[in-house]
Amino acid sequence: MGSVEENHDEVYQTLLLGLDSHAQIPGLSSAAVEEFLSHRPVALRWYPRLVGWESRLLWLLSGASIIVSIFNYMLSFVTLMFTGHLGALELAGASIASVGIQGLAYGIMLGMASAVQTVCGQSYGARKYEAMGVICQRAIVLHIGAAILISFLYWYSGAALEAMGQSESIAEQGQIFARGLIPQLYAFAISCPQQRFLQAQNIVNPLAYIAVGVFLLHVLLTWVAVFVLNYGLIGAALTLSLSWWLLVLIQGLYILFSPNCNQTWTGFSVKAFRGIWPYFKLTVASAVMLCLEIWYSQGLVLISGLLSNPTIALDSISICMNYLNWDMQFMLGLAAGTSVRVSNELGAGHPMVAKFSVLVVTTTSIIISIIFSAIVLIFKVGLSKLFTTDTEVIEAVSNLTPLLAISVLLNGIQPILSGVAIGSGWQAVVAYVNLATYYVIGLPIGCLLGFKTNLGVAGIWWGMIVGVLLQTVTLIVLTARTNWNAEVTKAAERLKQSANEEALDLLDNI
């Protein structure tokens, strides 16, 4: 066993000492764990301690990331709550604009930002800190370019919503709301790369404090705009835009002036415009990958409105999707932590630790999802009563909750493996997987069961489950067959292409 046999007692002792604030056991680094894991007979005896070590690292990252994900999501959620008090027509317009227009931009921007997680995370692991600021700036340039194109859809959203089958009155209200969100679109284009840039270097607690603080201020500002100043729907939308710009401003000030970013942010640079093509290709693959996931569930909600009893169908599936979205925000935060852990370790040249991290987080997420699924099944009637008193809707939601529980269980695996894919840079491969499993298989099955049988909205949901199940199985196979040593080599090549700067020479330490 060499050095591991000689020092395993010392490693074991350091495992017993506990963990400090930045994911390091005193005297034990990721490199030591890498060597320890590579000698399986020795490592097996201390797997429980190693699991504790990795779990602590994971939750230091994921805990704050979950808070950021949930509270950023709640900005839009609270805005819709306030618009509901303006009237049914305003709520319908804002809701359909959120799903059909804002959801489109959300998928594109979030997908593009996953490329920042990949390259910045691997750069941080490789200790090539200067590259991270250049990558963040490059991402912002591409995001703003995408925002300019998408803003035309926002401005002419009324026609787009009517083309989706919405009534003229609802489309008109939706256009008012969407136009008020155009400033938010540009804020989102900057905020996404900022957040991924900070998360990649394990700076997550400040992001959580900022997210909570802006959310609390957003509730107050929205109340003033809607009820005190009576600015109505446009006031609610502009307030949401303002809150997102506050996020951008505070995060930007932190990046500029915090000593934690001294090495990774060295100022604005024209380097951001060089070597942009390799990064652009990864960005496109990332956007396609996540867009196909996000639009899949949103599309099923829109399709349910075409059933014979659309009111009950839309109400029941919307309530269930709302709970699934809350679960998704939790898992997206966990997936973000996973992505950072995997990308950091691949960038640092630690394939065994990256693999071990995947095993630990997948097991953790499955346990959490089993608990969430049980809660859904136990409180299925109570969960529907939180949203409605209509007995017909309550019954419809209760009938859907077993399918919701299955989706929650799958949700404990699929986003995590997507996070592994992002951390490893597999976005292009997963994009093809999503296209085949969701749109070639899952969506047609859902339409067939929903419209050609008496299953109705349950049939549409079964189509979603089939698609997610097939995608999850495929990701499991891809992850299980991964050559992690080869992934380290690919990470080094990706860093070299993305940075494209001789001075950085990102392959030296790998």
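Start with Asn 230, in the loop between helix H10 (205-228) and helix H11 (232-257); helices here are DSSP runs of H or I with at least four residues, strands are runs of E with at least two, and both are numbered from the N terminus. The model is predicted, so local features need pLDDT of at least 70 and side-chain atom pairs count only at pLDDT 80 or more, while totals for chains, interfaces and linings use all residues. Residues are numbered from 1 along each chain as its sequence is written, and side-chain values use heavy atoms, with hydrogens and water left out.

Is Asn 230 buried or exposed? Asn 230 is exposed, because its relative accessibility is 60%; exposed means over 50% relative accessible area, buried under 20%, and partly exposed in between, with a 1.4 Å probe and protein chains only. Its phi is near 55 degrees, a positive value in a residue other than glycine. Most residues other than glycine have a negative phi.

**The surface beside the loop**

Now select Ile 176, Leu 217, Leu 220, Trp 223, Phe 227, Val 228, Leu 229, Tyr 231, Ile 234 and Leu 238, which make a nonpolar surface patch of about 900 Å². The elements that give two or more residues to this patch are H10 and H11, and H10 gives the most, with 5 residues. A patch is built from residues with over 30% relative accessible area and no salt bridge, where nonpolar side chains (Val, Leu, Ile, Met, Phe, Trp, Tyr) are joined within 5 Å and like charges within 9 Å. Areas come from the Shrake-Rupley method with a 1.4 Å probe, and for residues only the protein chains shown count as cover. A salt bridge is a side-chain nitrogen of Lys or Arg within 4 Å of a carboxyl oxygen of Asp or Glu.

Within that selection, pick Phe 227, found in helix H10. Phe 227 counts as partly exposed because its relative accessible area is 36%.

Go to Gln 173 in helix H8 (residues 168-180). Gln 173 is buried, with a relative accessible area of 14%. Leaving out residues up to four places away in sequence, Gln 173 touches Leu 89, Glu 90, Gly 93 and Leu 233; a contact means heavy atoms within 4.5 Å.

Next, Pro 183 is in helix H9 (residues 182-200) and is partly exposed at 31% relative accessibility. Beyond its neighbours within four places in sequence, Pro 183 is in contact with Ser 241 and Trp 245.

Gln 194 lies in helix H9 and is buried, with a relative accessible area of 6%. Which residues does Gln 194 contact, setting aside neighbours within four places in sequence? They are Cys 136, Leu 247, Val 248, Gln 251, Gly 252 and Ile 255. The C-alpha atoms of Gln 194 and Cys 136 are 6.9 Å apart, across 58 residues of chain.

**The cores**

Select Met 109, Tyr 154, Phe 197 and Leu 198, the residues with the most contacts inside the largest nonpolar core, which has 81 residues. Such a core is a set of buried Ala, Val, Leu, Ile, Met, Phe, Trp, Tyr and Cys residues joined through side-chain atoms within 4.5 Å.

**Helix H13**

Asp 327 is found in helix H13 (residues 310-347). Asp 327 is buried yet has no salt bridge, and the nearest side chain of opposite charge, Arg 196, is 17 Å away; Lys and Arg count as positive, Asp and Glu as negative, and His and the chain ends are not counted. Outside four places in sequence, Asp 327 is in contact with Phe 372, Val 408 and Asn 411.

Gly 337 lies in helix H13 and is buried, with a relative accessible area of 0%. Its contacts, leaving aside neighbours within four places in sequence, are Leu 58, Leu 61 and Ser 62. The C-alpha atoms of Gly 337 and Gln 199 are separated by 8.0 Å.

**Zoom out**

The protein chain has 20 helices and 0 strands. Buried residues make up 56% of its 510 residues.
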